[in-house]
Amino acid sequence: MARPTQRSQAKADRRAALLAAAAGLFAERGFNGVSIEDLGSAAGVSGPAVYRHFASKQAVLGALLVGVSENLLDGGAAVEQQAADPAGALRGLIAFHVDFALTEADTIRVQDRDLDALAPEERRAVRTLQRRYIELWMRVLGDLHPSLDADELRVRVQATFGLINSTPHSARAGTSHTTDASVRPVLERMAWAALTSR
């Protein structure tokens, strides 16, 4: 595999900086409250320079949300493949998703609020990737608890996502003393209990 040139690496870094800036700004102001100029300024470039990387503001949103959905599915699949048994796979998935929620809280807020602002094709792509990610979790949980039917597996998995995804932002908003290190073990214990309770 060819190593990236300095120019191509710089372009990739700028694109990543624009996506990171977009996550923060969209989370704070909403998609409709952010301009191309705002995105460029936050990433240290002019507004028109954004168009060297993305065709439109909507394309930025699409790259952000499709990209994070792809990363979740790929990362979850890697966790499943590397686990020695279903219990290990489930614990690994919980740790993986808690890490995602703690590091991508802004992106989660953007998806919750601005998913409908995506182009139809990208919205379908996000939905498809999300469904496959849920099905991966259902498969692992089903291997651990074969007596659970598909409906209950889906409810447990989606409820666990709700617990994990909503907590980092609300915890930080509630107190200045809350840290990722204190939230992480609580979320992992609660997610395990929600998924495996009889």
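**Figure 1. T196 in helix α8 of a predicted model.** T196 sits in helix α8, where helices (H or I, at least four residues) and strands (E, at least two) are DSSP runs numbered from the N terminus. This is a predicted model, in which local features need pLDDT of at least 70 and side-chain atom pairs count only at pLDDT 80 or more, while totals for chains, interfaces and linings use all residues. Residues are numbered from 1 along each chain as its sequence is written, and side-chain values use heavy atoms, with hydrogens and water left out. With a relative accessible area of 15%, T196 is buried; buried means under 20% relative accessible area, exposed over 50%, and partly exposed in between (1.4 Å probe, protein chains only). The T196 side chain reaches the backbone oxygen of W192 at 2.7 Å. Setting aside neighbours within four places in sequence, T196 is in contact with L90, L144, H145 and R156, contact being heavy atoms within 4.5 Å.

Figure 2. Look for H145 in the loop between α6 and α7. H145 is buried, with a relative accessible area of 9%. Apart from neighbours within four places in sequence, H145 is in contact with T196 and R198.

**Figure 3. Helix α8 and its buried side.** Helix α8 covers residues 180-196, and at 1.5 Å a residue its 17 residues should span 24 Å; the end C-alpha atoms are 24 Å apart, so the two agree. The expected span here is 1.5 Å times one less than the number of residues in the helix. The buried residues of α8 are V183, L187, A191, W192, L195 and T196. They cover an arc of only 160° around the axis, which puts them on the same side of α8; the arc is that of the directions from the helix axis to the C-beta atoms. For background, an α-helix has 3.6 residues a turn, so residues three or four places apart point the same way.

**Figure 4. Two charges over rings.** R91 lies over the face of W192, at 3.7 Å from the ring centre. In another example, the charged end of K57 sits over the ring of F31, 4.2 Å from its centre. A charge sits over a ring if NZ of Lys or CZ of Arg is within 6 Å of the ring centre and within 35 degrees of the ring normal.

**Figure 5. Helix α2 and the glycine that follows.** In helix α2 (residues 36-43), the buried residues are I36, L39, G40 and A43. They cover an arc of only 95° around the axis, which puts them on the same side of α2. These buried residues pack against α1 (6-29) and α3 (57-82). Just after α2, G44 takes a positive phi of about 85°.

**Figure 6. An aromatic cluster of Y133, W137 and F161.** These residues form one aromatic cluster, and a search of the whole structure finds four aromatic pairs. Y133 and W137 form an edge-to-face pair, with 6.2 Å centre to centre and 70° between the planes. Rings of Phe, Tyr and Trp (its six-membered ring) pair if their centres lie within 6.5 Å; planes under 30 degrees apart count as stacked, over 60 as edge-to-face and the rest as tilted. Y133 and W137 are four residues apart in helix α6 (residues 120-144), so about one helical turn separates them. Both Y133 and W137 are buried.

**Figure 7. T107 in helix α5.** T107 belongs to helix α5 (residues 105-114) and counts as buried, at 3% relative accessibility. A polar contact of 2.9 Å joins the side chains of T107 and E104. A polar contact is a pair of N or O atoms within 3.5 Å; within protein, one must be able to donate a hydrogen and the other to accept it, and residues adjacent in sequence count only if both atoms are side-chain atoms. Not counting residues up to four places away in sequence, T107 touches A23, L64, L65 and V68.

**Figure 8. S166 in helix α7.** S166 is found in helix α7 (residues 150-174). Is S166 buried or partly exposed? With a relative accessible area of 43%, S166 is partly exposed. A polar atom of its side chain lies 2.8 Å from the backbone oxygen of G162. S166 and I108 are 58 residues apart along the chain, with 8.4 Å between their C-alpha atoms.
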